[in-house]
Amino acid sequence: MKALILAAGLGTRLMPLTSTTPKALVKVNGMTLLEITVRKLAAAGFNEIIVNVHHHANQVIDFLNGFLIPGTYIAISDETEQLLDTGGAILKARWFLDGKEPFLVHNVDVISNTSLHQLHSDHINRRALATLSVMERQTRRYFLFDRDLRLCGWTDTSTGETRWVDKPDPEAKKLAFSGIHMISPEIFNVLEEKGRFSVIDSYLKLAPAFPVYGSAEEGLTWFDLGKPEQIDVVSK
């Protein structure tokens with residue numbers, strides 16, 4: 001199975017750690033975030049992995065050149081000329097990800113015990129275009145889902161902005177995105193955006209015509225390691 005690890009971010013929230021080191025190579029308990037993610041994916045059967053790079057790209061490339069998991073192939077998607085955001089990164093890596101099977105997209109700064117097998121199973125069973133790993137937790141931005149966990153909107157509670165896929169659903173459930181999603185390669189045939197763009201906007205645009213779902217698990221442990229204090233918490 002194939003996967004894209006989003007590792008090209010500038011890591012501005014992790015400054016000063018990322019002034020000379022890319023976010024992907026920041027260490028937690030002696031292991032880089034990138035190695036933690038690759039090992040998690042490989043253990044779940046994702047043995048064809050592509051990693052996008054931008055900030056201190058050569059350091060990430062050098063690390064991967066010296067890193068080996070038997071049976072796992074790792075490629076590079078070079079975004080050094082332009083950082084493409086999530087949607088643009090997926091589109092640029094089409095040459096690697098496109099095929100007959102769904103592929104996984106995983107943020108490098110997320111550590112969790114999310115079941116990638118369950119996410120994959122939910123995606124296949126629903127014949128979804130995309131399936132988003134979501135959970136109940138406090139945050140600013142939420143995806144909104146109907147009773148069948150089909151995407152019906154998005155909201156930013158800090159600004160009050162709400163975007164509905166179709167008509168407003170007063171019973172919509174607010175769930176936080178985990179930075180992990182399964183995508184069917186059919187998405188490459190329906191994406192209209194080019195260059196730098198967020199796949200979140202694409203999901204909201206495509207959801208009226210294509211099945212985009214959430215996959216929620218109970219009792220997840222999840223960390224977004226975007227700030228130094230969050231690294232410290234996980235390292236204890």
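**Note on the predicted model**

1. Start at Ser215. Leaving aside neighbours within four places in sequence, Ser215 is in contact with Gln118, Leu119, Asp122, Arg126, Thr131, Leu132, Ser133 and Val134. Keep in mind that the model is predicted.

2. Ser215 sits in strand E13, which covers residues 212-216. Is Ser215 buried or exposed? Its relative accessibility is 5%. Buried means under 20%, so Ser215 counts as buried.

3. Now take Leu129. This residue is in the loop between helix H5 (116-126) and strand E8 (130-135). Leu129 has 5% relative accessibility and therefore counts as buried.

4. Which residues does Leu129 touch, beyond those within four places in sequence? The contacts are His123, Met182, Ile183, Ser184, Glu186, Ile187, Val190, Leu206, Phe210 and Pro211. Val212 deserves a look too. Leu129 and Val212 are 83 residues apart in sequence, yet their C-alpha atoms are 5.7 Å apart in space.

5. Next, the largest nonpolar core. It has 37 residues. Leu151, Ile187 and Tyr203 touch the most other members. Helix H7 (residues 199-206) gives the most to this core, with 5 residues. A separate core has 32 residues, among them Leu25, Val53, Phe67 and Ile180.

6. Not counting residues up to four places away in sequence, Ile187 touches Phe103, Leu129, Tyr203 and Leu206. Tyr203 is another of the residues that touch the most other members of the largest core.

7. Look also at the second largest pocket. About 190 Å³ of space lies in this pocket. Its lining consists of Asp146, Arg150, Leu151, Cys152, Val165, Asp166, Lys167, Pro168, Asp169, Ala207 and Pro208. By class, the lining has 6 nonpolar and 5 charged residues, with no polar ones.

8. Last, the chain as a whole. It holds 8 helices and 14 strands. The radius of gyration is 17 Å, close to the 18 Å that the globule rule gives for 236 residues, so the chain is as compact as a globular protein of that length. Along the principal axes, the C-alpha atoms fill a box of roughly 50 × 40 × 35 Å.

9. How much of the chain do buried residues make up? They account for 50% of the 236 residues. As for contacts between residues at least 6 apart in sequence, 73% join residues at least 24 apart.

Technical notes. Residues numbered from 1 in each chain as written. Predicted model: local features only at pLDDT ≥ 70, side-chain atom pairs only at ≥ 80, totals over all residues. Heavy atoms only, no water. Core = buried A, V, L, I, M, F, W, Y, C linked by side-chain atoms within 4.5 Å. Buried < 20%, exposed > 50% of the residue type's maximum accessible area, 1.4 Å probe, protein only. Helix = DSSP H or I, 4+ residues; strand = E, 2+ residues; numbered from the N terminus. Contact = heavy atoms within 4.5 Å. 1 Å grid on protein atoms, 1.4 Å probe; cavity = no way out; pocket = protein on both sides within 12 Å on 5 of 7 lines; lining within 4 Å. Points joined across faces, edges and corners; volume = space filled by probe spheres on them. Nonpolar A, V, L, I, M, F, W, Y, C, P; charged D, E, K, R; others polar. Rg over C-alpha atoms; globule rule 2.2 N^0.38 Å.
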